[in-house]
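Student: I am new to this structure and would like to learn how to read it. Could you take me through some of its features?

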Amino acid sequence: TSPHVTAVHEVDMTSVVRHREANRGLMADKGIHLTYTPYFVMATIAGLKMVPEMNGRFAEQGIVINRRIHIGVAVAIADGLVVPVIRDTDERSLTGLARTINNVTAQARRNELTADQLQGGTFTLTNHGTGGSLLATPIINQPQAAILGIGTIVKRPVVRSQVTSLLPSADDAIVIRPMCYLSLSFDHRSIDGAMADAFLKTVKETLEGWNEREK
């Protein structure tokens with residue numbers, strides 16, 4: 001249905017990992033299992049606000065942009081995959097998202113989701129990295145304009161430098177960081193490469209600049 005194009009960015013998850021390590025015990029005391037998914041959802045919200053066309057769909061009469069943000073989060077179950085939708089996602093805190101994701105994931109695995117919970121999404125996020133996948137090219141959940149794939153987070157050596165030149169420098173340092181690939185598949189009828197990169201850049205910057213306090 002859609003001419004699929006996929007763009008890939010790499011993100012340093014150090015700030016998010018540090019925040020999760022500092023807060024998951026507190027969340028557990030509230031009965032909440034804090035995974036990385038709510039962080040990716042919040043970063044996705046920032047990207048959708050930066051590039052509203054991502055939160056839309058292609059139609060014969062033109063591009064339709066949704067005013068409200070309803071993000072579908074793919075959940076693996078015994079006999080396949082379901083995508084429960086979190087409505088008005090941008091109105092929730094990290095804690096609220098974590099609790100909601102816990103709840104819908106449990107409902108999905110007990111086969112208790114209603115038809116209404118599986119409809120009306122405006123954008124989809126799939127965390128294929130939970131199975132160890134580094135990189136994927138996810139298929140758009142029609143009629144949405146795009147889907148964001150999250151690869152597994154792994155420690156890798158990366159080069160950090162104080163200079164902007166790509167030439168080797170005495171300022172270069174090889175450090176170990178928790179890294180992750182973000183792959184955005186999008187409908188090229190309504191999204192171009194520049195918009196996709198702007199979206200991914202915002203998602204990346206949100207994750208890499210995560211504050212030590214809960215958002």
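Tutor: Gladly; we will go through helices, their packing and a few loop residues.

Student: Before that, what kind of model is this?

Tutor: This is a predicted model, where local features need pLDDT of at least 70, side-chain atom pairs count only at pLDDT 80 or more, and totals for chains, interfaces and linings use all residues. Residues are numbered from 1 along each chain as its sequence is written, and side-chain values use heavy atoms, with hydrogens and water left out.

Student: How do I read a helix, and what span does helix 3 have?

Tutor: Helices (H or I, at least four residues) and strands (E, at least two) are DSSP runs, numbered from the N terminus. The expected span of a helix is 1.5 Å times one less than its number of residues. Helix 3 covers residues 94-109, 16 residues in total, and reaches 22 Å from its first C-alpha to its last, close to the 22 Å expected.

Student: Which residues of helix 3 are buried?

Tutor: Buried means under 20% relative accessible area, exposed over 50%, and partly exposed in between, with a 1.4 Å probe and protein chains only. An α-helix has 3.6 residues a turn, so residues three or four places apart point the same way. In helix 3 the buried residues include Leu 94, Leu 97, Ala 98, Ile 101, Val 104, Thr 105 and Ala 108. Among the elements that cover the buried residues are helix 1 (14-29), helix 2 (37-50) and strand 5 (75-77).

Student: How is the packing of two helices described, and at what angle do helix 2 and helix 3 pack?

Tutor: Axes are lines fitted to C-alpha atoms, for helices over the stretch in contact, and angles run from 0 to 180 degrees between N-to-C directions. Angles under 35 degrees count as roughly parallel, over 145 as roughly antiparallel, 65 to 115 as roughly perpendicular and the rest as oblique. Helix 2 and helix 3 pack at about 120°, their axes 9 Å apart, which makes helix 2 oblique to helix 3. Contact means heavy atoms within 4.5 Å; here it is made by Thr 37, Pro 38, Tyr 39, Val 41 and Met 42 of helix 2 with Leu 94, Leu 97, Ala 98 and Ile 101 of helix 3.

Student: Where do the axes of helix 2 and helix 4 stand?

Tutor: Helix 4 spans residues 193-208, and its axis comes within 8 Å of that of helix 2, crossing at roughly 140°. Helix 2 and helix 4 are therefore oblique to each other. Among the residues in the contact are Phe 40, Ala 43 and Gly 47 of helix 2 and Phe 199, Thr 202 and Val 203 of helix 4.

Student: What should I look for in the backbone, and which peptide bond is cis?

Tutor: Most residues other than glycine have a negative phi, and most peptide bonds are trans. The bond from Gln 142 to Pro 143 is cis, with omega near 5°; Pro 143 is in the loop between strand 8 and strand 9.

Student: Are Asp 88 and Asn 111 buried or exposed?

Tutor: Asp 88, in the loop between strand 7 and helix 3, is buried, with a relative accessible area of 16%. Asn 111, in the loop between helix 3 and strand 8, is exposed at 71%. Asp 88 has a positive phi of about 50°, and phi of Asn 111 is near 60°.
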